[in-house]
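Q: I would like to learn how to read a few features of a structure like this one. Could we go through them together?

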Amino acid sequence: MITMKEYVFNVHPGYFVQEGVCIQCSSACSNICIGPNSSDCLGSYNDKCASGYYLTSDEFCSICSHNCSNCPFSFDNCTTCEEGYYLNSSNCYPCSENCKYCSSFNTRIECFEYYHLDSNECKQN
């Protein structure tokens with residue numbers, strides 16, 4: 001027979017046990033939590049919050065600015081953007097149509113699936 005302690009340690013990442021039931025962690029948590037709120041995330045400073053969230057001084061995982069995937073220390077301190085966006089002065093701006101990665105709106109690096117880069121344009125295969 002499995003004890004409650006063994007059961008808790010066998011819970012899938014992204015879940016916690018409450019009264020014998022597995023409950024999903026907040027989407028703000030990177031992997032491990034002890035409750036459903038963004039203040040219940042566990043981990044070290046660098047891996048406590050999920051991508052697109054930052055750890056506040058109050059130990060909460062709070063969402064980054066729009067289309068930002070990494071914003072250490074504050075909402076508006078973006079250092080990495082989501083696919084399809086480029087970083088300019090801590091803000092994320094959209095790449096041109098069908099562009100997966102770009103360094104500016106007019107400088108494409110990689111296109112989305114089923115498109116290829118041809119003369120700095122993302123063209124359908």
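A: Gladly! Let's begin with strands: helices (H or I, at least four residues) and strands (E, at least two) are DSSP runs, numbered from the N terminus. Here, Ile-32 is found in strand 3. Bear in mind that this is a predicted model, where local features need pLDDT of at least 70 and side-chain atom pairs count only at pLDDT 80 or more, while totals for chains, interfaces and linings use all residues. Residues are numbered from 1 along each chain as its sequence is written, and side-chain values use heavy atoms, with hydrogens and water left out.

Q: Is Ile-32 buried or exposed, or partly exposed?

A: Buried means under 20% relative accessible area, exposed over 50%, and partly exposed in between (1.4 Å probe, protein chains only). Ile-32 has a relative accessible area of 49%, so this residue is partly exposed.

Q: Which residues form a nonpolar patch on the surface?

A: Patches are made of residues with over 30% relative accessible area and no salt bridge; like charges are joined within 9 Å, and nonpolar side chains (Val, Leu, Ile, Met, Phe, Trp, Tyr) within 5 Å. A salt bridge is a side-chain nitrogen of Lys or Arg within 4 Å of a carboxyl oxygen of Asp or Glu. Accessible areas come from the Shrake-Rupley method with a 1.4 Å probe, and for residues only the protein chains shown count as cover. In this model, the patch is formed by Ile-32, Ile-34 and Leu-42, with about 280 Å² of accessible area together.

Q: How many salt bridges does the structure hold?

A: The structure holds four. One of them joins Glu-59 and Lys-48, with the closest N and O atoms 2.9 Å apart. Glu-59 lies in the loop between strand 5 (53-55) and strand 6 (61-63) and Lys-48 in the loop between strand 4 and strand 5, so the pair ties together parts eleven residues apart in sequence. Lys-48 is buried at 11% relative accessible area, whereas Glu-59 is partly exposed at 39%.

Q: What is the nearest side chain of opposite charge to Asp-40?

A: For charge, Lys and Arg count as positive and Asp and Glu as negative; His and the chain ends are not counted. The nearest one to Asp-40 is Lys-48, 9.0 Å away, and Asp-40 is buried yet has no salt bridge. Asp-40 sits in the loop between strand 3 (32-33) and strand 4 (41-42). Contact means heavy atoms within 4.5 Å. Leaving aside neighbours within four places in sequence, Asp-40 is in contact with Cys-29, Ile-32, Cys-33, Ile-34 and Gly-35.
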